[in-house]
Amino acid sequence: MSVLIFAEQKKGKLPKASLGAITAGASIAQKAGVPYAILLIGPGAGDAAPAAAGCGAAKVLVADGPALGTYLDELWADVAVSAAQEVDATYVVGVATTQGKAVLPRIAAKLEAGMASEVIKITDDLHFVRPVYAGNLNAGTLAAGRFSAY
């Protein structure tokens, strides 16, 4: 069991949003008592790997090549699913960017996993708190089995 963090990178650099996902994923890993891995996809992924490795991950996975040069939701989701299976991920965590919102639901579906979006807090007992009813209420979601969150 482990946590896989789908970290976005732009031209070989980790944007601040990805650092937030790495922090959240590391928190889940620490609370669950499992290691975490970081996945980087696309052109420049290899250049971002040293920065990702400096974030304490047990493993940094890099997927780059001509086929991944153009962002496609389905293709990137397939790569992430393969990575999740490689590291035996129980949780897959990413960023609530346009790309994350497009890829993470596909990852959850392909893994037949539950999903929580727009997570604002992770409790000590691994409940994911997220806003509902247009932000008027916060709800806790219990993670059971495989789970994706952003």
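Let's start at Trp76, which is buried, with a relative accessible area of 7% (buried means under 20% relative accessible area, exposed over 50%, and partly exposed in between, using a 1.4 Å probe and protein chains only). Keep in mind that this is a predicted model, where local features need pLDDT of at least 70, side-chain atom pairs count only at pLDDT 80 or more, and totals for chains, interfaces and linings use all residues. Residues are numbered from 1 along each chain as its sequence is written, and side-chain values use heavy atoms, with hydrogens and water left out.

A search of the whole structure turns up 2 aromatic pairs. In the pair of Tyr71 and Trp76, the ring centres sit 5.0 Å apart and the planes meet at 85°, so this one is edge-to-face. For the cut-offs, rings of Phe, Tyr and Trp (its six-membered ring) pair if their centres lie within 6.5 Å; planes under 30 degrees apart count as stacked, over 60 as edge-to-face and the rest as tilted. Tyr71 itself is partly exposed, at a relative accessible area of 29%.

Now for the inside. The largest nonpolar core has 24 residues, and Val3, Ile5, Leu14, Ile28, Tyr36, Ile38 and Leu40 touch the most other members. Such a core is a set of buried Ala, Val, Leu, Ile, Met, Phe, Trp, Tyr and Cys residues joined through side-chain atoms within 4.5 Å. Two or more residues each come from strand S1 (2–6), helix H1 (16–32), strand S2 (36–41), helix H2 (45–53) and strand S4 (89–93). Helices (H or I, at least four residues) and strands (E, at least two) are DSSP runs, numbered from the N terminus. Apart from this core lies another, of 23 residues, including Phe6, Leu68, Val92 and Leu111.

Next comes helix H4 (residues 98–110), whose 13 residues reach 19 Å from first C-alpha to last, close to the 18 Å expected at 1.5 Å a residue (that is, 1.5 Å times one less than the number of residues). Its buried residues include Val103, Leu104 and Ile107. Just after H4, Glu112 takes a positive phi of about 55°.

Finally, 3 strands form an open antiparallel sheet in the order S6-S7-S8; strands pair if DSSP finds at least two bridges between them. S6 and S7 are joined by 2 bridges, with Lys121 partnered by Val129 in S7. In their hairpin, with 4 residues between the strands, Leu126 has a positive phi near 60°. S7 and S8 share 6 bridges, and His127 stands opposite Leu142 in S8.
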